[in-house]
Amino acid sequence: MTGPTSTMPTTTAPGARRSRGRHRHRAAGTTLTLTLLGAAVLIASLAAGDISVPVPDVLHALAGRGDPLTSTVVLTWRLPRALLALALGAALGLSGAIFQTLTRNPLGSPDVIGFNTGASTGALAVLLSGTAGYTRTALGALIGGLATAALVYALGGRRSTATTRFVVTGIAVSAILTSVNTWLMYGADTAVAARAAQWTAGSLDALGWEHAVPALVALAPLALITPFLVRTLRVLELGDDVATALGARVVRGRLILATVGVALTAVATSVAGPLAFVALAAPQIARLLYRRTPGISLPGAALTGALLLAGADWVAAHAFAPVQLPTGVVTVSTGGAYLLWLLLGPRRGGRKG
């Protein structure tokens, strides 16, 4: 009895270490693949358009060795939009991962439970007031998103965000705010309402460095803060009772995470309008790609969101040329198909079993 028992740790520990090593290698490989795909979509976005630019010339322009016309097309006209697609997609993917983890529900993303719609309400109020500017619009989106989060939390989740009531309350508040947004545009001046309607469709068209620089500056500290919140997120994922027993400050941790998640959504919404389903789909796709990682991988969700939005923007800009679609139309269309797949997934699994 003593011999086998004493040798068991020495025989299983190396196997466990090898297994963890394989999981880390798989995760690193997945991260590298997503990064390369994102870079490929970036280059494709810079190359395609009314003025076609060969890929070698794109690379020369990025390296600062392009001719004046190529450099203008690539660096001035196209690069801000392409970078914003990646950055805003990453922000939405991160926000979706935070809220889906907090609610422990794949439908608990900011575009479903109303935070995205609330950010749109705040931004619309600024746009329709006639005092629109990036800073004012971003501040309005942030205030609208935070106010909506506070309302949903007060009505549906005082004890915990991980309840069906919290998600259903968010969906109800989102429906109400959608009506408010429609009413705001209906009562506005025709020209202003038309401009606001174009914004609410969700579009990255005509965005330049004057939009990209403030957005990237706003997202940078949020991206730097997020890795420090991973441990808190993982503890809260275990449930409020377990998290409290482990010494976590549940209320404070949830508040900080929710504030960061709403801020990420608000920045994206203030720049490009509401881009639905990216925050919903990216974390769940990342969960499938990083199967061995506990919970939702935040870097994976960010990379997946960046790839989804950049790909959707390329389709919107070039797939139906010379017609350009709003990027939001593409994300809604693909997101609707994904949502059907998500809802029918358990039924498919049941048939297999």
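## Close-up views of a predicted model

**View 1. Helix α4 crosses helix α11.** Helix α4 (residues 115-128) and helix α11 (residues 250-272) have axes that come within 9 Å and cross at roughly 50°. That angle makes α4 oblique to α11. Keep in mind, as you look around, that this is a predicted model. Two packed helices are described by the angle between their axes and the distance between the axes. The crossing of α4 past α11 is right-handed.

**View 2. The residues where α4 meets α11.** Which residues make the contact? On α4, look for F115, N116, A119 and S120; on α11, the partners are V262, T265, A266 and T269. Sorted by class, the contact of α4 with α11 has 4 nonpolar and 4 polar residues, with no charged ones.

**View 3. R78 in helix α3.** Now let's visit R78, which sits in helix α3 (residues 68-103). Is R78 buried or exposed? R78 has a relative accessible area of 13%, and because buried means under 20%, R78 is buried.

**View 4. The surroundings of R78.** Leaving aside neighbours within four places in sequence, R78 is in contact with S45, L46, A47, A48, G49, D50, I51, V53 and V73. Take A48 as an example: A48 and R78 are 30 residues apart in sequence, and their C-alpha atoms are 9.3 Å apart in space.

**View 5. The side chain of R78 and two backbone oxygens.** A polar atom of the R78 side chain lies 2.8 Å from the backbone oxygen of L46. The backbone oxygen of A47 lies 3.3 Å from a polar atom of the R78 side chain.

Definitions and conventions: Residues are numbered from 1 along each chain as its sequence is written. This is a predicted model: local features need pLDDT of at least 70, side-chain atom pairs count only at pLDDT 80 or more; totals for chains, interfaces and linings use all residues. Side-chain values use heavy atoms; hydrogens and water are left out. Axes are lines fitted to C-alpha atoms, for helices over the stretch in contact, and angles run from 0 to 180 degrees between N-to-C directions. Helices (H or I, at least four residues) and strands (E, at least two) are DSSP runs, numbered from the N terminus. Angles under 35 degrees count as roughly parallel, over 145 as roughly antiparallel, 65 to 115 as roughly perpendicular and the rest as oblique. A crossing is left-handed if the near helix is turned anticlockwise from the far one by less than a right angle, and right-handed if clockwise. Contact means heavy atoms within 4.5 Å. Ala, Val, Leu, Ile, Met, Phe, Trp, Tyr, Cys and Pro count as nonpolar, Asp, Glu, Lys and Arg as charged, and the others, Gly among them, as polar. Buried means under 20% relative accessible area, exposed over 50%, partly exposed in between (1.4 Å probe, protein chains only). A polar contact is a pair of N or O atoms within 3.5 Å; within protein, one must be able to donate a hydrogen and the other to accept it, and residues adjacent in sequence count only if both atoms are side-chain atoms.
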